[in-house]
Amino acid sequence: MKQIFLAVAALLLMANSPDEIDALIAQESYDEAFAMAQEGAKSGDPLMATYLAWMYDKGHGTEQDLAKAAEIYREAADGGNNFARWRLGVMIDMGEAEGTLEEAFELFRAGAQEDYLNAISSLAVMHATGRGTPQNYGAAMDSYKHAARLGDAHGFQGVGVLYVNGEGVEADTVEAMAWWLVALSLGNDTASANYQRVSPTLEDSEVHAIYKRANAIAEEYGLEQRFTPWDE
């Protein structure tokens, strides 16, 4: 469980974040972490406000209160914290916080402009589904590739989805599988499941084409992964 909370804490991190509150969260000492975040938020620190909002969001060190969490996330988002922008956008999109889909879209866009990966992926989804903005598969592709350029597995996975569904591009199973192969090599479970689901239907020539294309994608995006079919 501690590894889970460490991962969550990492999402909150920005430059010069206080090591003390990270350590308290890792130790699950939420009462102390809550007090520290509350004190820091009073001084107007957007990062500490984000920690405080997250604790209300998850019910750590205090009773869960999504309305309070959203209120504080909004303050931190106004202060420029990208996790707060992203999480508030998600809450609005899911109906857990007041606001419009257009506002959620703008929150994701603000984070994406600062290369915040969660926001980039969420922005891509909004473009692809037409939530808070007109549906635009080209913009979704651009956002997924933006995430991929930053090494994000979900970005590669998202590009594959657009290709397999023929959304904004001509449907191309080989191209989709190549992007998924790269994504699964980076640890994306969804891409792995998709690849395993489709691969039994492929001809050997298609498999070779997928591996060749995956190598080209990996090289283009500066990845070290290289792929070789099982019979080579």
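Predicted model: local features only at pLDDT ≥ 70, side-chain atom pairs only at ≥ 80, totals over all residues.
1. Overall make-up. The secondary structure of the protein consists of 13 helices and zero strands. Followed along the sequence, the pattern is accordingly written α-α-α-α-α-α-α-α-α-α-α-α-α. The C-alpha trace spans about 60 × 40 × 25 Å along its principal axes.

2. Helices H10 and H11: geometry. Helix H10 covers residues 153–165 and helix H11 covers residues 173–185. Their axes come within 8 Å, and the crossing angle is roughly 165°. Because angles over 145 degrees count as roughly antiparallel, H10 is described as roughly antiparallel to H11. The crossing in which H10 passes H11 is left-handed.

3. Helices H10 and H11: residues in contact. On the H10 side, the contact involves Ala 153, Phe 156, Gln 157, Val 159, Gly 160, Val 161, Tyr 163 and Val 164. On the H11 side, the partners are Glu 175, Ala 176, Trp 179, Trp 180, Val 182 and Ala 183. By class, the residues of this contact comprise eleven nonpolar, two polar and one charged.

4. Helices H11 and H12: geometry. Helix H12 is formed by residues 189–198. The axes of H11 and H12 come within 8 Å and cross at roughly 135°. The two helices are therefore oblique to each other. Their crossing is left-handed.

5. Helices H11 and H12: residues in contact. H11 contributes Thr 173, Met 177, Trp 180, Leu 181, Ala 183 and Leu 184. From H12 come Ala 191, Ser 192, Asn 194, Tyr 195, Arg 197 and Val 198. This contact divides into eight nonpolar residues, three polar and one charged. The reader may wish to locate Trp 180 and Ala 183 of H11, which are listed in the contact with H10 and in the contact with H12.

6. The largest pocket: volume and lining. The largest pocket holds about 190 Å³ of space. It is lined by 14 residues, of which Ala 41, Lys 42, Leu 52, Ile 72 and Glu 75 are the closest to its centre. In terms of class, the lining has seven nonpolar, three polar and four charged residues.

7. The largest pocket: contributing helices. Which helices each supply at least two residues of the lining of the largest pocket? They are helix H3 (30–42), helix H4 (46–58) and helix H5 (66–78).

Notes
Residues numbered from 1 in each chain as written. Heavy atoms only, no water. Axes fitted to C-alpha atoms, helices over the stretch in contact; angles between N-to-C directions. Helix = DSSP H or I, 4+ residues; strand = E, 2+ residues; numbered from the N terminus. Parallel < 35°, antiparallel > 145°, perpendicular 65-115°, else oblique. Left-handed = near helix turned anticlockwise from the far one by under 90°. Contact = heavy atoms within 4.5 Å. Nonpolar A, V, L, I, M, F, W, Y, C, P; charged D, E, K, R; others polar. 1 Å grid on protein atoms, 1.4 Å probe; cavity = no way out; pocket = protein on both sides within 12 Å on 5 of 7 lines; lining within 4 Å. Points joined across faces, edges and corners; volume = space filled by probe spheres on them.
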